[in-house]
Amino acid sequence: MKNDWQSWSFMNIDLHTGARAFAMASLSWDRIAMSPAFRVEQFEPKIKKASWYLTREGKWWVKYPTEECRAIVETAYDRLPKRDFMFFEDAKSDRANCLRASYFAKRIAIWFRKIFSELDKGTWLNEKTRVYALGDGLYFDGKPLHLFRHTMAQYYLAATNWSLAYVASLGGWENTEILNKCYGGIPEHIRAQISKSVHVRFDTLDLNTLIVATGYSAITPTAIR
């Protein structure tokens, strides 16, 4: 892929954001902010929240990807043609752009399906992803781009010690239920590990103590360009 920066960018950004195919294909530069915090806004049409983008109903999802993803986005900006949408020229109408996004997603899916057919699939998928990707050939053969979403969930869960809340906010899941059920519940060895680090003494624990969790504050995005 070293000379195919569209495919390279699509795959790597998707592996860090877990976006569905249409959300990735229709990604626009004005929805990417590099400061004061790196953030990406992606429109997930599968989530029905009465907003409209490129003739589809769904929800804008604000994501705070990692610094590794920021480096990929910066490389893509340098390598790809300068245009409003990351992967295609603005056709000046929502319907035409929707068709372009759908066409791009289908075209790149064919390309990745070919790549996947040449891989030794048993060497790089973990057990949970392998079940969904290879159980009936659905993702390798039918929805190859959706495999990035499953792969993202698996690797980010492992990297964050199974922080379901963070991975759900990054991948665009409204709650952790689906993520836990379909993409990777906390493995037994992780639960055992956590149990050794948690200490509860009921005779001394003050339930009124405020526990401050790290959260995300709203920011005004500064577009990349």
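How many aromatic pairs does the count come to?

**Before you start**

You are looking at a predicted model, so local features need pLDDT of at least 70, side-chain atom pairs count only at pLDDT 80 or more, and totals for chains, interfaces and linings use all residues. Residues are numbered from 1 along each chain as its sequence is written, and side-chain values use heavy atoms, with hydrogens and water left out.

**Stop 1: the whole chain**

Show the cartoon. The chain has 10 helices and five strands; these are DSSP runs numbered from the N terminus, with helices being H or I of at least four residues and strands E of at least two. Colour by accessibility next: 41% of the 225 residues count as buried (buried means under 20% relative accessible area, exposed over 50%, partly exposed in between, with a 1.4 Å probe and protein chains only).

**Stop 2: the largest pocket and Phe22**

Select Arg20, Ala21, Phe22, Lys143 and His146. The largest pocket holds about 460 Å³ of space, and of its 17 lining residues these five are the closest to the centre: Arg20, Ala21, Phe22, Lys143 and His146. Helix H2 (21-25), helix H4 (94-117) and helix H6 (138-142) are the elements that give two or more residues to the lining, and H4 gives the most, with five. The lining divides into eight nonpolar, three polar and six charged residues (Ala, Val, Leu, Ile, Met, Phe, Trp, Tyr, Cys and Pro count as nonpolar, Asp, Glu, Lys and Arg as charged, and the others, Gly among them, as polar).

A word on the method: on a 1 Å grid over the protein atoms alone, a cavity is a set of points where a 1.4 Å probe fits but cannot get out, whereas a pocket is an open set with protein on both sides within 12 Å along at least five of seven lines; lining residues have an atom within 4 Å of a point. Grid points are joined across faces, edges and corners, and a volume is the space filled by probe spheres set on the points.

Now centre on Phe22, which is found in helix H2. Is Phe22 buried or exposed? Phe22 is buried, with a relative accessible area of 9%. Leaving aside neighbours within four places in sequence, Phe22 is in contact with Pro45, Leu54, Arg56, Cys98, Ala101 and Ser102.

**Stop 3: the rings**

Back to the opening question: the count comes to 12 aromatic pairs. Rings of Phe, Tyr and Trp (its six-membered ring) pair if their centres lie within 6.5 Å; planes under 30 degrees apart count as stacked, over 60 as edge-to-face and the rest as tilted. Select Phe43 and Tyr53, a tilted pair with 5.4 Å centre to centre and 50 degrees between the planes. Phe43 sits in strand S2 and Tyr53 in strand S3 (residues 51-53), 10 residues apart, and both are buried. For a cluster linked by ring pairs, select Phe10, Phe87 and Phe104.

**Stop 4**

**Stop 5: helix H8**

Select residues 164-171. Leu164, Val167, Ala168, Leu170 and Gly171 are the buried residues of H8. They lie on the same side of H8, because they cover an arc of only 165 degrees around the axis (taken from the directions from the helix axis to the C-beta atoms). Their cover includes helix H1 (5-17), S2, strand S4 (56-63), helix H7 (146-159) and helix H9 (176-183).

**Stop 6: backbone details**

- Ser35 and Pro36 are joined by a cis peptide bond, with omega about 0 degrees; Pro36 lies in the loop between strand S1 (32-35) and S2.
- Leu54, in the loop between S3 and S4, is a residue other than glycine with a positive phi, near 50 degrees; Leu54 is buried, at 2% relative accessible area.
- Lys92, in the loop between helix H3 (67-79) and H4, has a positive phi of about 75 degrees and counts as exposed at 69% relative accessibility.

Methods
Contact means heavy atoms within 4.5 Å.
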